[in-house]
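Subject: Structure handover

Hello,

Please find the structure below. Open it next to this email and follow along.

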Amino acid sequence: MHFHLPSNLQQELLAYDPKLKALAKQTENKKPTKKAKYPLGNIPHLIPEDVVRSSYQQDAIDYINAQLAPGRFQLFTKLVDVATSQARTVPIAILYHFEQCWYAAWLPQKGEDYLYGYAYAFKNTSAAAKAVPHSIWNSKEQCTEHTIGRGSQVFTYSATVTKQDIINGKDGRNWRALGIASYYQKARDINEAINRFESQLMTTVPQWSDCRSIFERLRCNNIVDALELHAFFSKTIPDKTKYQLTVDNLITTSKLLKNDYGYSSYGTCLTNVETIITSPYIKKQLQAMLDRSVAEYNNPENTQRKAIKYGFNEFQQTCNSIEFINRIWPDCPIDHYRTYFDQLRTVNLNNLRFNEQLVAWLRKHMSVTSFFNMMSKYIEDAKKDNRALSTFNDHDYVIHSWYEMNDTFSMIMRVLEHGKELDAPKRWRMPDFHDYVQAEAWKVTNRKESLHQDLFPQPIKVNVNNSDWTFFQPVDTHQLSQWGQAVRNCVGSAGRYAEDIKKRKHFIVLCMIDGKPTFTIQLDVSMGVMNVVQIAGVANQPLSDEEREQYSTAFKRALQSRESELSSKS
């Protein structure tokens with residue numbers, strides 16, 4: 001016979017029922033412990049109540065404590081332009097928890113004299129000591145200490161940032177925790193909320209769109225800072241806000257510096273060219289450039305810092321070019337600077353390498369007029385061939401980098417450093433000048449070595465369409481170099497051609513028509529068949545169909561002539 005006791009009676013008689021008692025105890029142990037409501041801490045409210053009500057902040061603290069790491073944030077917003085079609089919500093504050101630390105940031109109420117406020121809070125625990133950024137953990141002396149709940153120790157810090165703070169260098173992004181980034185899953189949503197707050201902050205601060213720091217424009221309160229000329233002016237101008245950007249003032253400032261070091265990163269010394277840049281025409285042009293910078297600095301609609309620098313960079317570029325000419329040709333007539341002013345403004349001469357030997361050679365062989373003429377022709381050709389290097393980051397116009405002249409100067413120095421004499425070229429034209437010096441420099445660094453002449457030991461002349469075609473092989477490496485100079489290609493300066501001839505990998509055959517260097521031909525032999533690997537005219541120009549037909553006829557006749565010569569000897 002069995003009697004099922006009601007549940008209440010079971011509990012009353014539990015002491016008489018060992019099995020049920022054990023089961024009850026086991027069930028009691030399995031009951032879930034109550035989860036703490038504030039595992040991250042019920043911190044003091046960090047945001048001023050006039051920005052976000054205390055009750056809203058408490059709701060946010062409760063919400064964040066209940067979330068997993070990716071969701072531990074609250075962006076506070078307000079509705080603006082309510083009565084218009086532009087009605088929208090904009091961020092006014094943010095509160096979030098990341099890596100054992102609470103962070104808050106807010107925008108001021110209307111009428112307040114600061115740009116933004118920020119705060120942080122952290123528990124005084126070993127876990128926090130490992131995760132909280134050192135700069136925050138070590139700031140306890142500046143923090144306010146609180147005891148929360150059952151003796152939990154919490155430190156909080158709060159500050160507002162003014163325009164003067166920014167000018168004094170306090171321009172960090174204090175609203176963004178260290179380590180917050182979009183590529184971390186746990187920080188991605190927090191990062192997006194911070195970006196929204198930052199974007200709203202940016203609407204309250206004047207910006208330069210081409211600067212990384214959102215406070216660059218705010219921090220700049222004079223033309224000197226706008227041009228980032230701190231090193232030049234820091235020792236010489238007590239009050240930069242009153243500095244007038246003029247040619248005369250820049251010269252005076254340059255004179256105040258030790259060793260007359262100039263304003264430019266290239267070491268340009270304005271005092272060296274003072275007589276030139278203060279001549280009426282040139283001074284007027286240079287001052288107009290400086291005025292462009294001042295005008296853009298004062299232009300409220302300008303949103304780019306580089307626009308302020310354009311005029312000054314133009315001034316700097318021109319003065320650097322003038323000084324370059326003056327260092328090599330100190331007796332250059334002032335009229336030349338006026339006549340070629342635009343070339344000095346647009347050709348980057350500061351990259352041209354030179355030494356005292358080169359300067360002496362140039363003064364002896366090249367007139368400054370020849371240099372200016374080459375520079376003018378170079379710009380003209382560069383525009384036609386679209387070979388100009390544009391540096392729009394520093395200038396709002398095209399700057400030409402004169403690579404050919406730089407290469408030529410380097411090769412002249414190489415020849416002179418080897419103790420060799422170098423005559424002036426037959427004419428001062430950039431391609432001819434470069435190729436002439438290249439051939440001479442190649443001779444200096446490469447020994448004169450004989451080359452095989454298995455195909456044409458002696459020049460062979462044939463007549464095609466009333467023109468004399470002469471085929472021959474170069475006698476030595478220096479003749480090959482001279483040929484490369486004559487036809488303006490690299491066959492004489494590229495060592496691989498001479499090396500391959502010496503190893504009998506191929507032939508190089510040179511062709512003159514009516515005594516003028518015309519074609520360069522590279523050939524090889526395979527299975528008794530001679531193949532044209534490449535053939536090029538002057539300056540590597542390809543052959544026309546007519547030239548190709550004439551060449552084929554002439555070369556066949558030259559080979560027949562060589563065959564007849566060999567047959568007669570057998």
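First, a definition for later: angles under 35 degrees count as roughly parallel, over 145 as roughly antiparallel, 65 to 115 as roughly perpendicular and the rest as oblique. The model is predicted, so local features need pLDDT of at least 70 and side-chain atom pairs count only at pLDDT 80 or more, while totals for chains, interfaces and linings use all residues. Residues are numbered from 1 along each chain as its sequence is written, and side-chain values use heavy atoms, with hydrogens and water left out.

**The whole chain**

The protein chain has 23 helices and 13 strands. Both are DSSP runs numbered from the N terminus (helices: H or I, at least four residues; strands: E, at least two). The chain has 570 residues, and 43% of them count as buried. Buried means under 20% relative accessible area, exposed over 50%, partly exposed in between (1.4 Å probe, protein chains only). Now take the contacts with a separation of 6 or more: residues 24 or more positions apart account for 61% of them. A contact means heavy atoms within 4.5 Å.

**The sheet**

6 strands form an open sheet. Their order is β1-β2-β3-β4-β6-β5, and the pairing is antiparallel. Two strands pair if DSSP finds at least two bridges between them. β1 (73-80) and β5 (144-148) stand at the edges. Each has a single partner strand, so one side of each is left without a neighbour in the sheet. On average, neighbouring strands of this sheet are turned by 20° against each other, direction ignored.

Look at β2 (residues 88-98) and β3 (residues 101-106). They run antiparallel and are joined by 6 bridges. Isoleucine 94 stands opposite alanine 105 in β3. Helix α7 (residues 188-202) packs on the sheet and touches β1, β2, β3 and β4 (116-123). The direction of α7 makes about 135° with that of β2. Helix α3 (residues 54-65) lies across β1, β2 and β3, at about 145° to β1. For these angles, axes are lines fitted to C-alpha atoms (for helices over the stretch in contact), and angles run from 0 to 180 degrees between N-to-C directions.

**Helix α19**

Helix α19 (residues 403-417) has 15 residues. From first C-alpha to last, α19 reaches 21 Å, close to the 21 Å expected at 1.5 Å a residue. The expected span is 1.5 Å times one less than the number of residues. Buried residues of α19 include Met405, Phe409, Ile412, Met413 and Leu416. What covers them? The cover includes α14 (305-328), α17 (356-365), α18 (368-385) and α20 (430-445). Just after α19, glycine 419 takes a positive phi of about 75°.

The axes of α17 and α19 come within 9 Å and cross at roughly 100°. The two helices are therefore roughly perpendicular to each other. Gln357, Leu358, Trp361 and Leu362 of α17 meet Phe409, Ile412, Met413, Leu416 and Glu417 of α19.

The axes of α18 and α19 come within 11 Å and cross at roughly 140°. That makes α18 oblique to α19. Phe371, Met374 and Tyr378 of α18 touch Tyr403, Glu404, Met405 and Phe409 of α19.

Threonine 346 is in helix α16 (residues 341-346). Is threonine 346 buried or exposed? Threonine 346 is buried, with a relative accessible area of 6%. Leaving aside neighbours within four places in sequence, threonine 346 is in contact with Gln317, Ile379, Tyr397, Val398, Ile399 and His400.

Best wishes
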